[in-house]
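Hi,

Here is the structure I said I would pass on.

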Amino acid sequence: MNELVDRFMVAGDNTTPSLYFLSFNSDNGGHWVLVAMDLSRLMVYYLDSLPGDWSKYPSMKKAVDAAILKFRSKKNYRNRKDITWVRVQVLENQ
C-alpha cells in the first residue's frame, strides 16, 4: 500500500483525470486481475477474465481503497465521497 501512495504522491495533485495501473495476483492459482485507478474521480476499474465481482478479492479492494484514502489524507483533500468500483467487461475472441 505504501508503494502505491508514494507513486500517487510523486505524480502531482491528481486533480485531472489520469489512470494508474496495478496488476493484482489473487493467490487463487496464479490468477491475475488488472486494476486501473482514477484518483481525481475516485473510480477504480478492474478487468477480470473470470465471472463475478470485486468481492471475490477482498484483499485487493482493501489495499487499493486504503492506498487511495491515505493519499487523499496526505494531500488534505476534503471531499469524502465513496470510492466506486467498476468491473470492465472482458470480451472473448470469437
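To start with something to check by eye: is arginine 41 buried, partly exposed or exposed? Keep in mind that this is a predicted model. Arginine 41 comes out as partly exposed, with a relative accessible area of 44%. Its side chain meets that of aspartate 38 in a salt bridge, at 3.3 Å from N to O. Aspartate 38, for its part, is buried, at a relative accessible area of 3%.

Now the overall layout. The protein has two helices and four strands, and from the N terminus on the order is α-β-β-β-α-β. Of the 94 residues, 32% are buried. Its accessible surface is about 6300 Å², and carbon and sulfur atoms account for 51% of that. As for contacts between residues at least 6 apart in sequence, 54% of them join residues at least 24 apart.

Back to the salt bridges: a search of the whole structure gives three. In general, an α-helix has 3.6 residues a turn, so residues three or four places apart point the same way. Both lysine 61 and aspartate 65 are buried.

That brings me to α2 itself. The helix has 17 residues and spans 24 Å from its first C-alpha to its last, close to the 24 Å expected at 1.5 Å a residue. Which residues of α2 are buried? They are Met60, Lys61, Val64, Asp65, Ala67, Ile68, Phe71 and Arg72. These residues cover an arc of only 160° around the axis, so they lie on the same side of α2. Pro58 and Lys62, on the other side of the helix, are exposed. After α2 comes asparagine 76, which has a positive phi, near 60°.

Last, the aromatics. The structure holds two aromatic pairs. In one of them, the rings of phenylalanine 24 and tyrosine 57 have centres 6.4 Å apart and planes at 70°, which makes the pair edge-to-face because that angle is over 60 degrees. Phenylalanine 24 is in strand β1 (residues 19-25) and tyrosine 57 is in the loop between β3 (43-47) and α2 (58-74), so this pair links distant parts of the chain, 33 residues apart. Phenylalanine 24 and tyrosine 57 are both buried.

The other pair is tyrosine 46 with tryptophan 85: ring centres 6.0 Å apart and planes at 55°, so this one is tilted. Tyrosine 46 belongs to strand β3 and tryptophan 85 to strand β4 (residues 84-88), so the pair ties together parts that are 39 residues apart in sequence. Tyrosine 46 is buried, as is tryptophan 85.

Over to you!

How values were computed:
Residues numbered from 1 in each chain as written. Predicted model: local features only at pLDDT ≥ 70, side-chain atom pairs only at ≥ 80, totals over all residues. Heavy atoms only, no water. Phe/Tyr/Trp six-rings, centres within 6.5 Å; stacked < 30°, edge-to-face > 60°. Buried < 20%, exposed > 50% of the residue type's maximum accessible area, 1.4 Å probe, protein only. Contact = heavy atoms within 4.5 Å. Areas by Shrake-Rupley, 256 points an atom, 1.4 Å probe, with all protein chains shown as cover. Expected span 1.5 Å × (residues − 1). Arc of directions from axis to C-beta. Salt bridge = Lys/Arg side-chain N within 4 Å of Asp/Glu carboxyl O.
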